[in-house]
Amino acid sequence: MNPQSVNFTELLNGEPNPQLDPLEVSFGVLTALTVVLILTLNPICVVMLHRASGIQETTKVFMASLTVSDICIGLFWVLPELTQHFNRKWVLGSFLCTVWGVTSTYLGGLSMFSLVLMTVDRFVAIVYSLRYPTLMTLKKAKTIVAITWSMTLAIGIIAFGIFLPHVISPSAPRKCIFTSDNNIYTSIVVSAIAISLVTIVILYMYILNVARQQARRIAAQNQINVDLGDQNAPQRVSTKSATTVFIITMTVFICWLPSIIFSVISLTPGVQPPPLFKLITNFIFATNSWLNVVVYYMRNRELRQALQELVASCFRRRF
């Protein structure tokens, strides 16, 4: 055996544990930096949401749900994956392996469901704008988010903690894997993502259709007002917030697509994607959890103002 292919862990455990090649190390470091961005930008976003005064309180609840789920993805999904990557095996014990199997699926689904809730909120706000304050109260928004988190967790525990649990592989490399057929897991995940994306796209298309119809009505009313000498024109419905949600959804789709492709390829008999491909897809997937904050910041003037005030207050306290 080549001495360079054996490390200290191998001498202790008597199991081969080959060193990472430079490319694997590079993507591992990039993923670690991604975790730092997730755990830095998302808490700042939570503080900005709390300080922003120009955003509806109900909308803040749904935005906070997505932001907190992104924080949890960094803590409870990507970090354990990193420990497994750098050690080339699972070192956190069998119980945490099962927990990781639940959280990795639960948090991914929760992130997608949070996007669906944000889209539904914008749908109600635009399509039923006059009734929105009564249809979507702050108490209702908090209740909806709490039910979504609870039901998603319950389904995750039952499906991926009891019936389809993760276990440590009995043979080298001893990684945290499924005990059952991976086809079931992939089918469930891909179906949930597809249903969520289709729902969001349908709602967004309906929102755009309502906005176009109202724009035509406003144009006709403006012409009547001009003929009558009335300069008070009705205001057009703004779809900027709905467009922001749609942009975030498309960002999620782009970042999640490589992982979906990897899972589908893995189902093909006799086809085994290279491990590096999985590492790359995991890195792209994790990137989405901090890109959401960037989209929020670029698209929302209130959040930008809240961040500027937060930074200014920090400097005043320090100096």
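Colleague: Which residues line the largest cavity?

Modeller: First, this is a predicted model, where local features need pLDDT of at least 70, side-chain atom pairs count only at pLDDT 80 or more, and totals for chains, interfaces and linings use all residues. Residues are numbered from 1 along each chain as its sequence is written, and side-chain values use heavy atoms, with hydrogens and water left out. A cavity here is a set of points, on a 1 Å grid over the protein atoms alone, where a 1.4 Å probe fits but cannot get out, and lining residues have an atom within 4 Å of a point. That gives Thr 31, Val 78, Glu 81, Leu 82, His 85, Leu 279 and Asn 282.

Colleague: Which helix gives the most to the lining of the largest cavity?

Modeller: Helices are DSSP runs of H or I, at least four residues long, numbered from the N terminus. Both α3 and α9 supply at least two residues of that lining. The top giver, with 4 residues, is α3.

Colleague: And which residues touch the most other members of the largest nonpolar core?

Modeller: A nonpolar core joins buried Ala, Val, Leu, Ile, Met, Phe, Trp, Tyr and Cys residues through side-chain atoms within 4.5 Å; buried means under 20% relative accessible area with a 1.4 Å probe, protein chains only. This core has 57 residues, and α4 gives the most to it, with 14 residues. The two that touch the most other members are Tyr 296 and Leu 303.

Notes
Buried < 20%, exposed > 50% of the residue type's maximum accessible area, 1.4 Å probe, protein only. 1 Å grid on protein atoms, 1.4 Å probe; cavity = no way out; pocket = protein on both sides within 12 Å on 5 of 7 lines; lining within 4 Å.
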